[in-house]
Amino acid sequence: MNLRELEYLVALADTGHFGQAAQACGVSQPTLSAQIRRLEDDLGVTLVARGRRAELTAAGVRVTELARQMLALSDDIHATARECAGQPAPPLRVGVFPTLAPYLAGPLLRGIAAQQSDLQIVIAEQPTNDLLTMLEQRAVDVALIATPVTPMLSRIPLFREDFLLAVPASDPLAGTAPIHPLALRGRDLLLMSEGHCLRDQALDVCAESGAGHRLDMAASSIGTLLELVAAGSGPTILPRMAIPPQRDARLCLREFVTPRPHRDIALVARPTVVLRPQVQQLVDVCHHLPTDEVVTLEE
C-alpha cells in the first residue's frame, strides 16, 4: 500500500467514475484501475463495486475515510518540512462564500500589504457546503464561513458583520433612525436563493421578527437582490460590507437598533493546518482589517 494508491481511491470516491478519477489524478484509466485492484489485493478486501458507476463497498467507505486522513497528514509533513528548511510555502488556498468574497477581497489584500507580509493567498469563491467539501478533499487549506462546523474542524473567530435593512425609497419602512427588527412583522423579505448562507441568516431574522419571505422570487447575488429592492419588490437584509459605495437614490438603508442582527465570520480548517505560520498570518490580518465595517472577534 502506498500514498498514490490511496490518492486514487479517494479520487474514485469523490467522482464515482474511473475515467473522471483518472483524469483528476493525471493518469490513464487502466493505470488507476490496476492500482485500485492492487490496493484491494494488498488489503484482502473489495473496496469498489464496479458497475455503471464505481460505488464504494462498506469496507471501501471506511478505508477511504482513513485514506483522507493519511493524505492530509502527508500534506502536513510536506508543509512542516518546507517550513523547517526555510523554503517558501505555496500560496494559501482560502475558500470564501459568495456573499462575502467580493467585499472582503479588497480589505484582505490591503491588510496583507499594510503588514508588509510575505503571505500569498488564492481565493476560491464557493457556497459554504461546497467549501466544506473542498476542505475534506484538500482542495482548499482554510475556509471563511458563517455557520457552525463539525467537531473535526478547528474554528477561529475572525470578525462580526452587522446586517442593515434595505428597502425601496418609497417604502413605508424608509427612514433614517435605527429600526427595530419587530417593525418587519407582517412583511415579506426578499432572500438569496437556496444554498446561500445569507438566506439562512435572513430567515433567522424573519423568525425572530415575525416577518415572512417571498416564495416567488429570490436572487443569486447581492447585486441582483439590491436591484429587486430598488425596483420595489420588497425589503431585504444586507451585510454591512455589501453596502454599495455609491448610494442609490432608489434605496433606503437603515441600521437596526442594538443588539443588531449580524453574522460572525470564522476561519475553519483541519486542526493541524491552523498551526501553519501562513494561517496564523491570515488570522492576524483578518483581526486587523483596514475597514470600520466589521468588529474583530477575539479567540
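**Core, salt bridges and surface**

Modeller: Apart from neighbours within four places in sequence, V142 is in contact (heavy atoms within 4.5 Å) with L92, R93, V94, G95, L135, L267, V268, A269, V273, V279 and L282. The model is predicted, so local features need pLDDT of at least 70 and side-chain atom pairs count only at pLDDT 80 or more, whereas totals for chains, interfaces and linings use all residues. Residues are numbered from 1 along each chain as its sequence is written, and side-chain values use heavy atoms, with hydrogens and water left out.

V142 belongs to the largest nonpolar core, which has 39 residues; V142, F159, L267 and L282 touch the most other members. Such a core is a set of buried Ala, Val, Leu, Ile, Met, Phe, Trp, Tyr and Cys residues joined through side-chain atoms within 4.5 Å. Buried means under 20% relative accessible area, exposed over 50%, and partly exposed in between (1.4 Å probe, protein chains only). At least two residues of this core come from each of β3 (92-96), α5 (101-114), α6 (128-136), β5 (142-145), β6 (154-168), β11 (262-269) and α9 (277-286). Helices (H or I, at least four residues) and strands (E, at least two) are DSSP runs, numbered from the N terminus. The largest contribution, five residues, is that of α9.

A second, separate core of 31 residues includes V205, A219, I222 and L226. Within α7, V205 is buried, as are C197, L198, R199, Q201, A202, C206 and S209. The 13 residues of α7 (residues 197-209) should span 18 Å at 1.5 Å a residue, and the end C-alpha atoms are 19 Å apart, which agrees; the expected span is 1.5 Å times one less than the number of residues. Just after α7, G210 has a positive phi of about 85°.

The charged pairs come next. The structure contains 22 salt bridges, each a side-chain nitrogen of Lys or Arg within 4 Å of a carboxyl oxygen of Asp or Glu. E136 pairs with R68, with 3.6 Å between the closest N and O atoms. This pair links distant parts of the chain, E136 in helix α6 and R68 in helix α4 (residues 58-84), 68 residues apart. E136 is partly exposed at 47% relative accessible area, while R68 counts as buried at 15%.

D76 forms a salt bridge with R270, the closest N and O atoms being 3.1 Å apart. Because D76 lies in helix α4 and R270 in the loop between β11 and α9, the pair ties together parts that are 194 residues apart in sequence. D76 counts as buried, at 10% relative accessibility.

R260 forms a salt bridge with D162, with the closest N and O atoms 3.7 Å apart. Here R260 is in the loop between β10 (251-254) and β11, and D162 is in strand β6, 98 residues apart. R260 is partly exposed at 31%, whereas D162 counts as buried at 16%. Salt bridges with shared partners also join D76, R93, D141, R270 and R276 into one network.

At the surface, M1, L3, L43, V45 and M70 form a nonpolar patch with about 410 Å² of accessible area together. Nonpolar patches join side chains of Val, Leu, Ile, Met, Phe, Trp and Tyr within 5 Å, from residues with over 30% relative accessible area and no salt bridge; areas come from the Shrake-Rupley method with a 1.4 Å probe. M1 lies in the segment before α1 (3-15) and counts as exposed at 54% relative accessibility.

Notes: Patch = residues over 30% accessible without salt bridge, like charges linked within 9 Å, V, L, I, M, F, W, Y side chains within 5 Å.
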